[in-house]
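Hi everyone, thanks for coming. I'd like to walk you through one model today, so please have a look at it with me.

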Amino acid sequence: MGGSIDRAETAYDASTPVGRHAELLRRLDGRIDRKAMLAGDDVGDGYRGDATDERGERPLIVFRPSSATEVSAILAECNRLGQPVVVQGGRTGLAGGARPRAGEVSLSLERMTNLSAVDGDTATVVAEAGVTLQSVQEAAASRGLLFGVDIGARGTSTVGGNAATNAGGIRVLRYGMYRSQVLGLEAVLADGSILTSLKGLPKDNSGFDLNQIFVGSEGALGVVTRACLRLHPAPRSQANAFCGLPSLAAAVALLKHLRAALGPSLSAFEVIFPNVYDGVLSLTGAQPPVAASAGMYALVEMQGQDEARDQECFSEALMACYQSGIVTDVAVSGSLREYHAIWKLREAASEFIFSMDHVSGFDVSLPLSNMQAFLDSADGEIAAADPDAAIYIFGHLGDGNLHFLVRTHHHERIADIVLAVVIRSNGAISAEHGIGLDKKKWLPLCRSAAEMRAMRRLKTAFDPNNILNPGRVFDMPSPVASERA
């Protein structure tokens, strides 16, 4: 370990940050694996933030436990000392939730990577918090099954972080958000208590469902250490198509038609606005599946179980929309290579956005009926505030989630404008990336005073000393007196 553990019996003055950290290491010495602790120069820059550009403080200590028992020991001592903890998974978040603040130690779950064998009878798998999304997907595929969540950061995002932020992704339309995949959790509370419910029962009304309290709580109520995850039958047939459309209204009409024609077989519906499509083609040099002259583009996907009929239904539904003028151009995948090429265009949208500087990103959700009004209002107000601003949009239209990006030098002013328009449009300021540090200023805009009070009461009940991810999602009105050992 970079900063060696002091093995002296002398207790340190825990009233100062340095003394508290030294005392914490002394108390944990011999109780957890020495590989589970990094300090000093051994703490790399990667522990200072997430997928955003902003870096936080370098944690003086990074704990890397390999079991729930070690997590319990670490949190119990942190709780006794009143030591704030930032919880870190794959550090792929976009809301600053994993960005350390002054005085915090890091609890990284990166070494908790055990993945059970898939239970083919119940179609479930149990994964520790540090298992990547891609590992879960591959385990499911090896048994002819599918995991319902897929996001671009699949190779680095982890089960614990996905559960804590209630990850969404490209197939929410068919399979739901991450909470729909969770059949049970193991979680460690701030005082070290371990709650374990990994039976994987689809139906269990034996008292309160504590599992779902932790899903989407961003590590502020407890630390998810294992999850029992629901798997689905792998599709026997799948196809996608890339469509050119005249407008957003046409995209909404296409969505409505495909839902009626395909039912649950419609698994994804993504939109890409023209300037993003142009940027993707320029960045990747890819052959455009449809001409770059439409007012809107949509990627649609079908997954089904009837190989003989599914492709025909998909093609017929798209042809009907083409003949009616809803779709002006369409390219349907005819091979696995073409299928993956179409998806690569959508995934390159994020790469294109990250290739630019001074971009403010907003992960918002809106009712489809209000989406055009939101775009019109946001466009007008942004232009008035910053005439040089450029807007880039893509996202999951099937579930009302847009990634609304603005290239500007006036980030705070633009954020105030965009999120105020979202609220006026009856939308949500975070669809799938959470609140973290970066969005908490605007949370009271979309949550009532009663809701904010209820969330703070939950925080007080589960974490009375406010040590878990303090200052994320919302601030507590005043420090709660610490319980001393």
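Where does UniProt place the feature "domain: FAD-binding PCMH-type"? The unreviewed entry puts that feature at residues 55-234; UniProt positions are in the numbering used here, feature names are shortened, and annotations may be inferred rather than shown by experiment. Over residues 55-234 the chain is 21% helix and 22% strand, with the end C-alpha atoms 40 Å apart. Helices (H or I, at least four residues) and strands (E, at least two) are DSSP runs, numbered from the N terminus.

A word on ground rules. This is a predicted model, where local features need pLDDT of at least 70 and side-chain atom pairs count only at pLDDT 80 or more, while totals for chains, interfaces and linings use all residues. Residues are numbered from 1 along each chain as its sequence is written, and side-chain values use heavy atoms, with hydrogens and water left out.

Let's start with charges. Side chains of opposite charge can pair when their charged atoms come close. For a salt bridge, I ask for a side-chain nitrogen of Lys or Arg within 4 Å of a carboxyl oxygen of Asp or Glu. That rule gives 29 salt bridges.

One of them joins arginine 26 to glutamate 23, with the closest N and O atoms 2.9 Å apart. The two residues sit 3 apart in helix H1 (residues 17-28), so about one helical turn separates them. Buried or exposed, how does glutamate 23 count? Glutamate 23 is buried, at 3% relative accessibility, while arginine 26 is partly exposed at 22%. The cut-offs here are under 20% relative accessible area for buried, over 50% for exposed, and partly exposed in between (1.4 Å probe, protein chains only). This pair also belongs to a network of salt bridges that links Glu23, Arg26, Arg27, Arg31, Glu77 and Arg80.

Next, glutamate 110 and arginine 91 form a salt bridge at 4.0 Å between the closest N and O atoms. That pair links distant parts of the chain, 19 residues apart: glutamate 110 is in the loop between strand S4 (105-108) and strand S5 (124-128), and arginine 91 is in the loop between strand S3 (85-88) and S4. Glutamate 110 is partly exposed, at 27%, and arginine 91 is partly exposed too, at 21%.

Keep your eye on arginine 91 for its backbone. Most residues other than glycine have a negative phi. Arginine 91, though not a glycine, has a positive phi of about 55 degrees. Valine 473 also has a positive phi, near 70 degrees; this residue is in the segment after helix H14 (449-462) and is buried at 10%.

Now over to arginine 58, in the loop between strand S1 (37-39) and strand S2 (61-63). Leaving aside neighbours within four places in sequence, arginine 58 is in contact (heavy atoms within 4.5 Å) with Val43, Gly44, Asp45 and Arg48. Two of those contacts pair up themselves: arginine 48 and aspartate 45 meet in a salt bridge of 3.8 Å, N to O. Aspartate 45 is partly exposed at 44%, and arginine 48 is partly exposed at 22%.

That's the tour, so over to you for questions!
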